[in-house]
Amino acid sequence: MPARQYDRAKAIAYAHRWAYGRNPAYYDFSALGGDCTNFISQCLRAGGAPMNYTPVTGWFYNSAASRAPAWTGVEQLYRFLTGNKGAGPYALPGAPGDIRPGDIVQLSFDAARFSHSLLVVEVNEGPSPESPEILVATHSDDSDYRPLDSWVGVTRRFLHIAGVR
């Protein structure tokens with residue numbers, strides 16, 4: 001399956017449009033542990049990522065009751081993106097200096113388990129090329145243009161979206 005370019009501008013536009021609201025086409029998982037990864041999946045979809053209907057390990061959403069764990073689960077999304085060889089988005093683990101708007105950052109608040117997903121909406125020059133100023137959009141703690149550095153005492157991992165198939 002040939003790779004296509006991920007439309008970062010459309011993913012970011014979607015993030016800005018829905019950062020403080022909920023698209024009625026998708027269930028709001030806020031009361032069920034958080035809506036952050038659902039929001040990130042919606043952004044990826046808006047960026048042109050086709051769904052992957054592989055049972056259990058795919059990435060898709062039909063309804064709240066018919067979706068892949070990777071659509072709403074932080075760890076499951078990471079595993080899907082970094083291991084996906086089929087349809088849908090795929091990513092490479094990266095460092096802060098590798099990150100571009102439209103990429104993903106995940107946070108761990110206890111250094112043991114990652115539990116929050118964020119979409120990068122802007123990257124500005126920082127104190128060094130390895131340390132840019134990264135601004136994000138997210139749900140659960142609804143934010144847009146929020147500095148990544150505003151989360152202190154967390155472990156971060158960075159996912160560069162390499163393309164979609």
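**Exercise 1.** In this predicted model, determine which backbone oxygen the side chain of Thr82 reaches, and describe the setting of Thr82.

*Solution.* 
Step 1. The side chain of Thr82 comes to 2.8 Å from the backbone oxygen of Tyr78.
Step 2. Thr82 belongs to helix α4, which spans residues 74-83.
Step 3. The relative accessibility of Thr82 is 29%; because buried requires under 20% and exposed over 50%, Thr82 is classed as partly exposed.
Step 4. Once neighbours within four places in sequence are set aside, Thr82 contacts Ala91, Pro93 and Leu159.

**Exercise 2.** Identify the strands that pair with β8, and state the sense of each pairing.

*Solution.* 

**Exercise 3.** Characterise the largest pocket by its volume, its lining residues and their classes.

*Solution.* 
Step 1. The largest pocket holds about 260 Å³ of space.
Step 2. Its lining comprises 17 residues, of which Gly33, Gly34, Thr72, Gly73 and Val74 are closest to the centre.
Step 3. Two or more lining residues come from each of α2 (36-46), α4 and β5 (114-128).
Step 4. By class, 9 of the lining residues are polar, 5 nonpolar and 3 charged.

Methods:
Residues are numbered from 1 along each chain as its sequence is written. This is a predicted model: local features need pLDDT of at least 70, side-chain atom pairs count only at pLDDT 80 or more; totals for chains, interfaces and linings use all residues. Side-chain values use heavy atoms; hydrogens and water are left out. Helices (H or I, at least four residues) and strands (E, at least two) are DSSP runs, numbered from the N terminus. Buried means under 20% relative accessible area, exposed over 50%, partly exposed in between (1.4 Å probe, protein chains only). Contact means heavy atoms within 4.5 Å. A polar contact is a pair of N or O atoms within 3.5 Å; within protein, one must be able to donate a hydrogen and the other to accept it, and residues adjacent in sequence count only if both atoms are side-chain atoms. On a 1 Å grid over the protein atoms alone, a cavity is a set of points where a 1.4 Å probe fits but cannot get out, and a pocket is an open set with protein on both sides within 12 Å along at least five of seven lines; lining residues have an atom within 4 Å of a point. Grid points are joined across faces, edges and corners, and a volume is the space filled by probe spheres set on the points. Ala, Val, Leu, Ile, Met, Phe, Trp, Tyr, Cys and Pro count as nonpolar, Asp, Glu, Lys and Arg as charged, and the others, Gly among them, as polar. Two strands pair if DSSP finds at least two bridges between them.
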